[in-house]
Amino acid sequence: MNKIVFTKYSNERAKAYALRTDIVDGPGGRLVCKKAMYPQGISHIRSIAHFYEELSRIYRNTGIRMNRCEQKEDEVRLEYLEGETLENILDGYLLEEKHDLLIHTLFSYLDEVKKGFTREKFVVTAQFEEVFGPVSLPEGLLCADTADIDMVLNNVLVNDGWTLIDYEWSFDFPIPYHFVVFRILNYYLHGSSTRSCLIPYDLMGKAGLTQEEVEVYRQMEEHFQKVYVLTDPEEQQRHVPVRFLYDDITPGILDVRELGFQALDRRGMHLVQLYQAPDMGFSEEKSEKRSPGETGCFQGTFRAEEQTQYVRLDPASACCVVRHLSVIWGTELCVIQTNGYRMEDGGWLFVSEDPQMLFARPEGADAQIQVQFSIEYLTAEEALRQAEIVMGELQRQKNEMNIQLENRQLQIQQMENTKIWKAYRKLKKG
């Protein structure tokens with residue numbers, strides 16, 4: 001007899017797409033069962049088995065496989081798999097600050113996803129507009145006639161390659177490859193605030209998406225989530241999820257975290273300030289302040305004055321750690337003076353509540369100064385603890401250099417006591 005060990009209801013949708021997912025222990029082992037919650041959803045459930053066959057065919061010669069699925073009457077049954085999601089693996093790299101490995105692994109997966117997109121010319125169809133709304137996209141986009149738009153990282157188990165455990169949102173009309181990439185990157189980057197440090201890497205641009213495309217894909221995603229998924233095709237009646245009723249049934253909510261950032265901004269602690277001067281005499285009048293927002297990442301462009309020879313960047317008015325710093329003024333600039341400490345990971349630690357970084361005008365400077373960095377704000381206690389670690393490392397390096405210096409001095413003394421050296425000195429004096 002089958003025993004249900006877990007049930008999940010996906011019912012904040014139109015009846016045509018509402019379903020129930022059970023994890024079941026049976027005589028043949030554990031499996032996953034999906035069934036429609038209403039008669040209107042039976043065709044949607046049956047389509048899952050159809051797309052299992054189609055996507056398995058499309059990706060048969062790649063490193064991606066579909067979680068095995070079979071249809072039983074009005075439900076589909078999928079194999080129950082255990083393992084770690086690609087999302088969790090990348091988060092592990094993030095925790096260890098292995099950003100290069102994270103990006104390499106992520107783009108290796110995107111390369112495999114791309115192998116399922118072989119059609120060269122994307123065209124808008126009536127089905128496309130029903131799901132994603134009327135949009136304008138560039139011509140010639142790589143696409144596929146059948147595609148799973150939900151190849152996001154928490155749907156991917158990593159074992160011998162990549163296994164897609166859910167392909168419910170698949171369609172058999174042309175869909176651009178870049179839209180699938182957009183969803184993968186968008187849901188990963190914005191799924192947790194801890195991933196905000198990846199924003200300066202411009203992963204969307206690295207994947208080939210233009211800013212104009214990204215804006216269109218945001219519109220498509222909004223239409224998909226707020227119109228298509230919530231509307232029953234036959235009744236044309238839109239389901240209203242509880243999360244959309246907050247404004248109607250509550251007096252409102254306050255985002256305490258946002259209020260905290262606003263309060264800090266009012267006090268000026270989180271403002272980025274850039275000074276310009278023809279010499280080292282910086283003044284408030286010749287400075288510009290910008291808000292970094294709440295993501296922990298700053299990106300801004302400042303107009304360079306013609307007489308400016310030096311620039312001072314104050315990333316905050318608080319103890320902090322600055323990472324992934326990039327200052328471009330015609331060319332990449334190097335810090336020539338600072339009251340911060342360089343950390344082993346390449347970041348800058350500021351124990352002072354007035355952090356400063358000084359840069360000089362390079363040859364070939366243009367009219368714009370582009371500044372980009374990620375920042376972590378610290379309390380005074382946190383900054384001191386970090387400083388102890390940094391100072392300990394600096395002391396270790398100093399001790400190593402002293403030992404090397406003593407060894408060199410000993411080698412010199414030993415060389416000066418050799419007969420050859422004494423003969424050389426005597427010859428030189430003569």
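Q: How does the lining of the second largest pocket divide into nonpolar, polar and charged residues?
A: This is a predicted model. In it, that lining has eleven nonpolar, twelve polar and six charged residues.

Q: Which residues are closest to the centre of that second largest pocket?
A: Ser193, Thr194, Ser196, Cys197 and Ile375, out of 29 residues that line the second largest pocket.

Q: And what volume does the second largest pocket have?
A: About 750 Å³.

Q: Which element gives the most to its lining?
A: Strand S23, with four residues. S23 covers 368-377, and helix H2 (86-95), helix H9 (256-267) and strand S18 (320-328) also supply at least two residues each.

Q: Now the largest pocket. How much space lies in it?
A: About 1000 Å³. The lining of the largest pocket is made of 35 residues, and Lys8, Lys34, Asp150, Asn155 and Asp166 lie nearest the centre.

Q: What is the split by class there?
A: The lining of the largest pocket has 15 nonpolar, nine polar and eleven charged residues. S1 gives the most to this lining, with four residues.

Q: Switching to the open sheet of five strands: what is the order?
A: S15-S14-S17-S22-S19, with antiparallel pairing.

Q: Why is one side of S15 and of S19 left without a neighbour in the sheet?
A: Strands S15 (287-290) and S19 (337-338) stand at the edges and each has a single partner strand, so one side of each has no neighbour in the sheet.

Q: How many bridges join S14 to S17?
A: Five, between residues 272-277 of S14 and residues 310-314 of S17, running antiparallel. Tyr275, for one, has Arg312 in S17 as its bridge partner.

Conventions
Residues numbered from 1 in each chain as written. Predicted model: local features only at pLDDT ≥ 70, side-chain atom pairs only at ≥ 80, totals over all residues. Heavy atoms only, no water. Pairing = 2+ DSSP bridges. 1 Å grid on protein atoms, 1.4 Å probe; cavity = no way out; pocket = protein on both sides within 12 Å on 5 of 7 lines; lining within 4 Å. Points joined across faces, edges and corners; volume = space filled by probe spheres on them. Nonpolar A, V, L, I, M, F, W, Y, C, P; charged D, E, K, R; others polar.
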